[in-house]
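Trainee: I have a structure to go through, and I would like to ask about it step by step. Can we begin with single side chains and then move on to the chains as a pair?

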Protein chains: 2
Amino acid sequence: MTEADIPALGERPAVSVDVVIFSVRAYDLQALLLRRPTPPFRGRWALPGGFVRPSEALDDAARRELQAQTDVHDVYLEQLYTFGAPRRDPRGRVVSVAYFALIASEVAIRAGSPEVELSWQSIYNLPELAFDHADILRYALQRLRYKLEYTSVGFELLPNEFTLTELQTAYEIVLGKELDKRNFRRRMLEAGILTETARYRESEGQGRPARLYRYKKNAVHEVKARRLFP
Amino acid sequence: MTEADIPALGERPAVSVDVVIFSVRAYDLQALLLRRPTPPFRGRWALPGGFVRPSEALDDAARRELQAQTDVHDVYLEQLYTFGAPRRDPRGRVVSVAYFALIASEVAIRAGSPEVELSWQSIYNLPELAFDHADILRYALQRLRYKLEYTSVGFELLPNEFTLTELQTAYEIVLGKELDKRNFRRRMLEAGILTETARYRESEGQGRPARLYRYKKNAVHEVKARRLFP
DNA sequence: CCAAAAGTGTTGGTTTTACACCCATGG
DNA sequence: CCATGGGTGTAAAACCAACACTTTTGG
């Protein structure tokens, strides 16, 4: 930040944001993709995103595009990494600031325009993606798994109230491994980031109803000290 | 990444890189700053950095500016975060991709131009910085401390060969706390990321000479599983 | 009363912490 | 032989992993 002059207009890259939205649904970890209605990569699946406006913060651009293209709002959103290889977009130089978002499976999505097909796709069976979006997605997945083990960000994948079994299932789906029920519950309860409600969820079919819990909102970053699931 | 059109030239932000270079020297954790020779913030201390060229990768831009302004090269460099508040630069919209770098105290620096004053400054006693560089530096420091506890990146702060005491001292300076000598040594040796050389370093003045070690180059990311210093 | 899901403790092994003395060298 | 810094082991506490049965409900 020391060269005297800001670059001439002709020498500036475009700046975009791209958002990887994860959700646990159908007993699977899925990402929300849309089919590009226009070139380049017309018809290919891609991450939601778009260009940053001249006087808009990067986070705001990510939220705006998310809402415009998928109707998702009020969501956990975190900057991931900035991808800026010179030829990553055939239209010209585009530097993309990638974000990752987590939403509960109950949250509805809706395509922002009728020509754009939107779809949840399993991260274990992804189609070919436009641009370098496969790299972005892979990076986001790695970060998600990492954060899940070391922080309490996993709650963002569930609705406001949830049972401990639902929480454990979400963790298992994201991490791709089974966890011990007793150890899981003990850790979660001892971490002090849950509050018990007075309500229960009746299981569908048979079974004892499960207590509902809420996440303490102010606790997201509290847990860092020790791994939640070693 | 779905809007049909790339923004018109007049609507593009400029994209810069800024680099926080840390080094342990004079028994202190210091960052390399330069005094801005031109407006805006003329005379204020700032991070090395500059604008990304049209067909240059972001990492390459960071390395280029680092070498041009400080003569530092072949260095550990990692992308940190992208700062893009709309008014962070009075010249106009500038999105800055921040990096952090680590170098050994033995590495010489040299200002890239005679008008630019370069200086190592203690992170415990920073001057006022230009732009939002104080935020960037704070963020970089947090990341450095975090990585030091969970990965073996700390070796980048030392020369090729070093004694265990030197390594421990570097860790203590960065983390700002004392570590137990026996536990430190055991952990480092058991982590399997050091190779013992046949050489010793004569201590200045009196004292038993200390064995020299090297860092196994391929091991940088090996350690993640468990905290190095809980 | 059966099936289904919720809920609950203990033990053994491992890891981590805290802690103090002897060794090699130079002056 | 003294001062300086290098080098080493052990025991108690904390933490983690593995493991199976009882409770509540609906059909």
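Trainee: Is Arg64(A) buried or exposed?
Mentor: This is a predicted model, so the answer is computed from predicted atoms. Buried means under 20% relative accessible area. Arg64(A) has a value of 18%, so Arg64(A) is buried.

Trainee: Which side chain does Arg64(A) meet in a salt bridge?
Mentor: Look for a carboxyl oxygen within 4 Å of a side-chain nitrogen. Here the N to O distance is 2.5 Å. The partner is Glu56(A).

Trainee: How many residues apart are Glu78(A) and Arg143(A)?
Mentor: Their closest N and O atoms are 3.1 Å apart, and the two form a salt bridge. Glu78(A) sits in strand 5 of chain A and Arg143(A) in helix 2 of chain A. The pair links distant parts of the chain, at a separation of 65 residues.

Trainee: Which parts of chain B does the pair Glu166(B) and Arg201(B) tie together?
Mentor: The pair is a salt bridge, with closest N and O atoms 2.4 Å apart. Glu166(B) is partly exposed at 26%, and Arg201(B) is partly exposed at 31%. Place each residue in its element, and the pair ties together helix 3 and strand 9 of chain B.

Trainee: What kind of aromatic pair do Tyr171(A) and Phe184(A) form?
Mentor: Both residues are buried. Their rings are 5.6 Å apart, centre to centre. Planes over 60 degrees apart count as edge-to-face. The angle here is 70°, and the pair is edge-to-face.

Trainee: Which residues do ring pairs link into a cluster?
Mentor: The whole structure has 21 aromatic pairs over all chains. Ring pairs link tyrosines of chain A and chain B into a cluster. Its members are Tyr146(A), Tyr150(A), Tyr146(B) and Tyr150(B).

Trainee: How many salt bridges are there between chain A and chain B?
Mentor: The contact involves 57 residues of chain A and 58 of chain B. The buried area is about 4500 Å². There are 11 residue pairs in polar contact between the chains. The structure holds 30 salt bridges over all chains, but the count between chain A and chain B is zero.

Definitions and conventions
Residues numbered from 1 in each chain as written. Chains lettered and ligands numbered in written order. Predicted model: local features only at pLDDT ≥ 70, side-chain atom pairs only at ≥ 80, totals over all residues. Heavy atoms only, no water. Contact = heavy atoms within 4.5 Å. Buried area = accessible area lost by both parts, 1.4 Å probe. Polar contact = N/O pair within 3.5 Å; in protein donor to acceptor, adjacent residues only side chain to side chain. Phe/Tyr/Trp six-rings, centres within 6.5 Å; stacked < 30°, edge-to-face > 60°. Buried < 20%, exposed > 50% of the residue type's maximum accessible area, 1.4 Å probe, protein only. Helix = DSSP H or I, 4+ residues; strand = E, 2+ residues; numbered from the N terminus.
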